[in-house]
Amino acid sequence: MNKKMFRLSVISAAVLLTLTGCDSNSSSSSDPTPTPTTTAPADKPPIASDVTISGVKQGIPVSGELLGSDPDGDALTYSFSEKDKAINLIDDVYAFSHGELSVNGNQFKYTSISGQDASITYTVTANGASATAKIEIIADIPPTADTVTIDGAKQWVPISGELLGSDEDGDALAYSISENDVAINKVDDVSIYTFSHGELKLDGNQFEYTSISGQDVSISYSVTANDISTSAKIEFVNVANDPLAYQQWHLRNTGQKSYALSEQMAQGLVDAGFYTPVEAAEALAEGEAEELVAGEDMNVAAAYAQGVTGAGVTAVVVDSGLEIRHEDLIDNVLVNRSLNLAVSANDRTDPTSLSDSGDHGTSVAGLIAAKGWNNIGSRGTSPDTGLIGMNYLGGDTIEQTELLIHGFPGSGISTSEEISAFNRSYGITWPAFIAYSALDEAIESYPNLMLRSGKGALNIKSNGNSFIDGGREGAFCKDNGANELGLTCYSAAFEPSQAHPYYLSVAAVNANGKHTSYSTAGASTMISAPAGEYGRWAPAMVTTDQMTCINGYSGFNGRTISAWGGAYGEDFAASQFPFNYPGHPENASCNYTSTFNGTSSAAPNASGVVSLILSANPELTWRDVRHILASTSTLIDAGNEKVKLTLPGGSFFAHDGWVKNAAGYHFNNLYGFGRVDAGAAVAKALDYSESLGEQIITEWKGLGSTAGEEALQATIPDNSAIGVTRQIEVTEDIIIEAMQFEFDIRNDDMGSFVNDNLLSSAGNDLALEVVSPSGTRSVLLSSKQALLEASWSSANGYSEGYILDGAVFLSNAFYGENARGTWTIKALDTGDTNFEFSDTEDLVILINEETEEKPTGMINNPVESVLEGVSLRTFGRAAQ
């Protein structure tokens, strides 16, 4: 013990004795009273508590507070150590193996270098006493992301999945998307990402991807939590596609050429001397600008996106045949259900055509239901719909044919079977009006009234290809001015099957969303659908063809290829039809064609949409389907112009363009209610709540001969806008679904020759219009149409002296209006017509069958035409 401590001990002992001791023997009262003393309280040591800092990110400073205190309020100082080793302050920073710490009083800032959890010991000292505690550094755990694999997605069909991002700390996650290390931005701030190959919609960690390319792809995604990101992949493998679908503009129009407007074609024209290189280049550029318009399609991808691809229904292809073993049809063809109707057939269940130069029906079938997503060939509009074929065209057929092609007993079609459509891509073209037949109506209405347990199947009918000419009238519609004016050469009404609502008439449109060069017009047109031109200067259809390069439109024996090869050489033919000519890498076996067109293409595309509608909602009736099509079809070619004829006494609009009727429906004789929209139609079918009630068909009401009365004898003034007008009153309160109008119009020169070798202009000059009680106007006959011969009927042959005899017109223009009220019907003669025929090669009218002498021209009708009778009939439902 040192001296200092010893002295302190002695003093302490003396004090103790003074406080507690006494001499027991001392009793002296003279001693003073002792004075008590106190001890100063002991100094209390400081206190330190552990500090925990969570979510620390590498390189990102975080702040905190050291939890040191002193009960006595003494000043505190702090020191730091790591693993019992003091850490010295250098340049105001304590440097650890894992990070750096700066301190200001009891406030600190820590920056993690390692990004790992760490522990720092800190000591708080006050008045020589100390306490220690810990700063626990809990590093932020980065989010994780795992690869997502989607196996078996389908081109154009959305598929859903979940991004596999997570964060152990429970931090909020954010996702970003990239392709080839390039960030893909959201479209219009909506979580939709567009790639070169498809489209991704993102909602939280849930995604929906639609493949556009049909190829296997990889998408990078990053998951970010607390500003830390991790990346992974979405792998789409075994994506199912159809290799030619990317060229099928009618399904999804991207502005593709569909093998038309090719450089090979242009070079072939140059090599053959038809064009100079500059002319060819200019023609191609002009064609691309005018004919290729992205977005002008049937919107089928939107139907597929709703999960509807045509399953559960069957379409019947009534045509020239159907190659039931075609690689792209066989999976949809119902086994042993097709019919060969030829008298000479060996196998009644196989309607495969024996032609080697193309089978119309096989190409039609492919447009309806070429199997989808089988990685083969093309895709049908309704790619999972069943197919039955019947070879109605092209030869002698058995006597029951007309019944069987309408699904009567014996066809193998039961009344409860889900038949969606009978596709009828055929028709009659003749320069005369063919009279209506009640018997034909009874047969043709059977699918609508009897099949699908009374709900009805639809007859889908092509409008015809006689807008410019019909191949029976020579140059008539060029010579009379119809072509120049933009009027149809033939009316769809010339064919009686298009005069009742049981056949749904379909017009054709191009890849630019406008009328094709050939599609016949008329008030009976219900809808339009894509078909295209001829596959050279504008796209046609890419569809199935007879298999092998020995048969079919494509291959060695294709009609056009053979003709052009014979005329100009094989090299030229190959240049003009590169996809169809043998050797194209995408058509090695010539099982497909790129030149199919006509309203024969429009009808099956519409049949495909009808099949999608009934697949979406099997409870719909055939009238519901018509209603859906009228309500959802797209108004196209909005600038389509009227055609006005100026006449003595006024004018006549031979074509009205688009007309909005009193019920709000837009109608055009070229397009009907517009181009079919599969996506909109399926959406309406899935959410269909309307009730059309029972169909009402009124009795015929009219005047004169058509009403069983004495003929009217109402003269139609020649070359006059005044015409002759009659009115018919309808008393029934009926919502119109279709209107029929019957006419008897006489002209004594029809069916004979004027001045021995001229035709009367009476049929050419005749025009008919109807105005409904609501004021809507419909042109039934525009004039300048190919009515060259007397009216004809299957029962009586030609009705000499009649332009129209028992002629029935259908108009869809009044759809949705109320029929009640006064209907105004007008017949007029629009011309003083005299001209010579410039070309009679295709004219079917002969003056003398032995000499094959033909008429040389047309003379203005020497006698005026006479309206003898007019009647109307309404198809519809009771007004609510």
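Predicted model: local features only at pLDDT ≥ 70, side-chain atom pairs only at ≥ 80, totals over all residues.
Helix α14, residues 622–632, is largely enclosed by the rest of the structure, because 10 of its 11 residues are buried. The buried residues are Trp622, Arg623, Asp624, Val625, Arg626, His627, Ile628, Leu629, Ala630 and Thr632. Two helix contacts of α14 were examined, one with α13 and one with α15.

The axes of helix α13 (residues 599–616) and α14 approach within 11 Å, with a crossing angle of roughly 115 degrees. The crossing is right-handed. On the α13 side the contact is formed by Val609, Val610, Ile613 and Leu614, and on the α14 side by Val625, Ile628 and Leu629. By class, this contact of α13 with α14 comprises 7 nonpolar residues, with no polar and no charged ones.

For α14 and helix α15 (residues 678–686), the axes come within 9 Å and cross at roughly 130 degrees. Angles of 65 to 115 degrees count as roughly perpendicular and those over 145 as roughly antiparallel; α14 and α15 are therefore oblique to each other. Their crossing is right-handed. Ile628, Ser631 and Thr632 of α14 meet Ala680, Ala681, Lys684 and Ala685 of α15. The contact of α14 with α15 divides into 4 nonpolar, 2 polar and 1 charged residues. Ile628 takes part in the contact with α15 and also in that with α13.

Elsewhere in the chain, helix α2 (residues 263–271) packs against helix α3 (residues 277–291), with axes that come within 9 Å and cross at roughly 150 degrees. Since angles over 145 degrees count as roughly antiparallel, α2 and α3 are therefore roughly antiparallel to each other. The crossing of α2 and α3 is right-handed. The residues in contact are Glu263, Met265, Ala266 and Val270 from α2, and Pro277, Ala280 and Leu284 from α3. This contact has 6 nonpolar residues, no polar residue and 1 charged residue. The spacing of residues along a helix bears on such contacts: an α-helix has 3.6 residues a turn, so residues three or four places apart point the same way. In α2, Met265, Ala266 and Val270 are among the residues that meet α3.

Three buried residues were considered individually. Val506 is part of strand β29, which spans residues 503–509. Its relative accessibility is 0%, so Val506 counts as buried. Leaving aside neighbours within four places in sequence, Val506 is in contact with Ile460, Lys461, Ser462, Asn463, Ile527, Ser528, Ala529, Thr599, Ala602, Ala603 and Ala606. Among these partners, Thr599, Ala602, Ala603 and Ala606 fall within the residue range of helix α13, 599–616. The C-alpha atoms of Val506 and Ala172, which are 334 residues apart along the chain, are separated by 55 Å.

Ala225 belongs to strand β23, residues 217–225. Ala225 also has a relative accessibility of 0% and therefore counts as buried. Its contacts, not counting residues up to four places away in sequence, are Asp140, Pro143, Asp167, Asp171, Ala172 and Leu173. Between Ala225 and Gly704, 479 residues apart along the chain, the C-alpha separation is 85 Å.

Asn480 lies in the loop between α9 (476–479) and α10 (482–485). With 7% relative accessibility, Asn480 counts as buried, because the cut-off is under 20%. The side chain of Asn480 forms a polar contact of 2.8 Å with the side chain of Asn764. The Asn480 side chain also reaches the backbone oxygen of Lys784, at 3.2 Å. Beyond residues up to four places away in sequence, Asn480 touches Asn764, Lys784, Gln785 and Phe835.

Backbone geometry was examined at two loop positions. Most residues other than glycine have a negative phi. Asp91, in the loop between β7 (89–90) and β8 (93–95), has a positive phi near 55 degrees. Its relative accessible area is 71%, so Asp91 is exposed. Asn375 likewise has a positive phi, of about 60 degrees, although it is not a glycine. Asn375 is located in the loop between α5 (360–369) and β26 (386–391). At 44% relative accessibility, Asn375 counts as partly exposed.

Key
Residues numbered from 1 in each chain as written. Heavy atoms only, no water. Axes fitted to C-alpha atoms, helices over the stretch in contact; angles between N-to-C directions. Helix = DSSP H or I, 4+ residues; strand = E, 2+ residues; numbered from the N terminus. Parallel < 35°, antiparallel > 145°, perpendicular 65-115°, else oblique. Left-handed = near helix turned anticlockwise from the far one by under 90°. Contact = heavy atoms within 4.5 Å. Nonpolar A, V, L, I, M, F, W, Y, C, P; charged D, E, K, R; others polar. Buried < 20%, exposed > 50% of the residue type's maximum accessible area, 1.4 Å probe, protein only. Polar contact = N/O pair within 3.5 Å; in protein donor to acceptor, adjacent residues only side chain to side chain.
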